[in-house]
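Q: I'm new to this, and I'd like to learn how to read a protein model. Could you walk me through it?

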Amino acid sequence: MITSNKYDDSGRTTSTSLVIGGEKGHVEESISGNLLRLWEGHYRWKMIPRCTGRYTCRSHDEASNLPPLELLARSGILSLSSEGNDAQEGITNDNSNTECKLNEYVFHLAGKDEMIIVPLDTVNRTGLITYVKTEIVEQDGKKDIDIDGNQRKNVTCKRYVHTLNALSGFRRKLEAMGMTVTDDNIFVA
């Protein structure tokens, strides 16, 4: 269930918070700040059944080629430097006008996809968890050896599976993956 009372002409809420969840095994909870901006940004999200507080990005064609910081930049949450994907200050923390900088954590856990974690608040309670799927793609859909017997080079592609994580899902999921989450850090236990 998604509940909000005030909408602007484009259909986006003008409220400072939004109630989401309440069905498919999800608790009903209020989101605000950067999490609300991501929810209402350019991308569509759907509940992960029986995984309360977690939502997957439905806009696969648009989002699966974007690393997390670029996805957040396109959602209006942060700006990126012109020299790479360094997050710049200029985002606000929750409903205040306090500026903060987003941190990006990258983990390579044994037997798991690479994970990129970006908390969306200053105390690591909500955030974006992205799974990086690495695929080897044959050039032009052809086999590894061309007609002359020469070895063809394969191309490695990355696809990003983004999950938006509200208060009830963010720390719970990370702890289930064997990580420790504190108000100022995320690390493998």
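A: Let's start with contacts, meaning heavy atoms within 4.5 Å. Of the contacts in the protein chain between residues at least 6 apart in sequence, 49% join residues at least 24 apart. Keep in mind that this is a predicted model, where local features need pLDDT of at least 70, side-chain atom pairs count only at pLDDT 80 or more, and totals for chains, interfaces and linings use all residues. Residues are numbered from 1 along each chain as its sequence is written, and side-chain values use heavy atoms, with hydrogens and water left out.

Q: What share of the 189 residues is buried?

A: Buried means under 20% relative accessible area (1.4 Å probe, protein chains only). Here that applies to 42% of the 189 residues in the protein chain.

Q: How many helices and strands are there?

A: Both are DSSP runs, numbered from the N terminus: helices are H or I with at least four residues, strands E with at least two. This chain has 4 helices and 12 strands.

Q: Which residues line the largest cavity?

A: On a 1 Å grid over the protein atoms alone, a cavity is a set of points where a 1.4 Å probe fits but cannot get out, and lining residues have an atom within 4 Å of a point. Here they are Thr 56, Cys 57, Ser 59, His 60, Ala 63, Ser 64, Tyr 160, Val 161 and His 162. Strand 4 (54-57), helix 2 (60-63) and strand 10 (154-165) each give two or more of them, with the largest share, 3 residues, coming from strand 10.

Definitions and conventions:
On a 1 Å grid over the protein atoms alone, a cavity is a set of points where a 1.4 Å probe fits but cannot get out, and a pocket is an open set with protein on both sides within 12 Å along at least five of seven lines; lining residues have an atom within 4 Å of a point. Buried means under 20% relative accessible area, exposed over 50%, partly exposed in between (1.4 Å probe, protein chains only).
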